[in-house]
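Please keep the sequence and the model in view while reading.

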Amino acid sequence: MGGRVALVVGSECTALPRLGFTDDLATGLYTELRGLGGWQPATGIDGPLLDPTIDELVCAVDEAFDPASNRQATLLISFVGHGMTTAAENFYLLAHDSPQLPKLRNAFHLTQEIQERLN
């Protein structure tokens, strides 16, 4: 089995100033990973996940872990967009509908969310 699967996310939080480049960078990265790197989609969608809500982001990460685990493949999760650190080990990826000050239920707490899925 094995192989490589990728989830690329581009997200701008509406509570923060617009970045304006996340969609293009996420799309470009995804295209390069698929075309030159031979990476396969980690979800049922062949393309980057753009401006997801927090629920959509959490569901996509959950969905990405399944094929990687089943195939014993390498999983790459890439995020282009707004993020926020609140302490040394608290980094949040902000979804389209996340508030400016993130909490566990309204933003993606990177270390905790990945650790839970690995366990």
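Which residues does Asp 46 touch, not counting residues up to four places away in sequence? Asp 46 touches Tyr 30, Arg 34 and Pro 41, where contact means heavy atoms within 4.5 Å. This is a predicted model, in which local features need pLDDT of at least 70 and side-chain atom pairs count only at pLDDT 80 or more, while totals for chains, interfaces and linings use all residues. Residues are numbered from 1 along each chain as its sequence is written, and side-chain values use heavy atoms, with hydrogens and water left out.

- Asp 46 is found in the loop between strand S2 (40-41) and S3; strands (E, at least two residues) and helices (H or I, at least four) are DSSP runs, numbered from the N terminus.
- Asp 46 counts as exposed because its relative accessibility is 52%; exposed means over 50% relative accessible area, buried under 20%, and partly exposed in between (1.4 Å probe, protein chains only).
- The side chains of Asp 46 and Tyr 30 are joined by a polar contact of 2.6 Å, and the side chain of Asp 46 also makes a polar contact with that of Arg 34 (3.1 Å).
- A polar contact is a pair of N or O atoms within 3.5 Å; within protein, one must be able to donate a hydrogen and the other to accept it, and residues adjacent in sequence count only if both atoms are side-chain atoms.
- Asp 46 and Ala 6 are 40 residues apart along the chain, and their C-alpha atoms are separated by 9.9 Å.

**Two buried serines**

- Ser 11 belongs to strand S1 (residues 4-11) and counts as buried because its relative accessibility is 0%.
- From Ser 11, the side chain reaches the backbone oxygen of Leu 94 at 3.0 Å and the backbone nitrogen of His 96 at 3.4 Å.
- Leaving aside neighbours within four places in sequence, Ser 11 is in contact with several residues, among them Thr 22, Asp 51, Phe 79, His 82 and Ala 95.
- Ser 78 lies in strand S4 (residues 74-81) and counts as buried because its relative accessibility is 15%.
- Not counting residues up to four places away in sequence, Ser 78 touches Leu 7, Val 8, Val 9 and Leu 29.

**The sheet S5-S6-S7**

- Strands S5, S6 and S7 form an open sheet in that order, with antiparallel pairing; two strands pair if DSSP finds at least two bridges between them.
- The edge strands, each pairing on one side only, are S5 (83-87) and S7 (108-109).
- S5 and strand S6 (residues 90-93) run antiparallel and are joined by 4 bridges.
- The bridge partner of Thr 85 in S6 is Phe 91.
- A hairpin is formed by S5 and S6, with 2 residues between them.

**Helices H2 and H3**

- The axes of helix H2 (residues 54-71) and helix H3 (residues 110-118) come within 11 Å and cross at roughly 35°.
- Axes are lines fitted to C-alpha atoms, for helices over the stretch in contact, and angles run from 0 to 180 degrees between N-to-C directions.
- The contact is made by Val 58, Val 61, Asp 62 and Phe 65 of H2 together with Ile 114, Arg 117 and Leu 118 of H3.
- By class, this contact of H2 with H3 has 5 nonpolar, no polar and 2 charged residues; Ala, Val, Leu, Ile, Met, Phe, Trp, Tyr, Cys and Pro count as nonpolar, Asp, Glu, Lys and Arg as charged, and the others, Gly among them, as polar.

**Loop residues**

- Asp 51 lies in the loop between strand S3 (49-50) and H2, and its phi is near 45°, a positive value in a residue other than glycine.
- Asp 51 is partly exposed because its relative accessible area is 26%.
- Gln 72 is placed in the loop between H2 and S4; its phi, near 55°, is a positive value in a residue other than glycine.
- Gln 72 is exposed because its relative accessible area is 69%.
- Pro 99 lies in the loop between S6 and S7 and is partly exposed, with a relative accessible area of 30%.
- Pro 99 and Ala 15 are 84 residues apart in sequence and 5.7 Å apart in space, C-alpha to C-alpha.
- Not counting residues up to four places away in sequence, Pro 99 touches Cys 13, Ala 15, Leu 94 and Asn 106.
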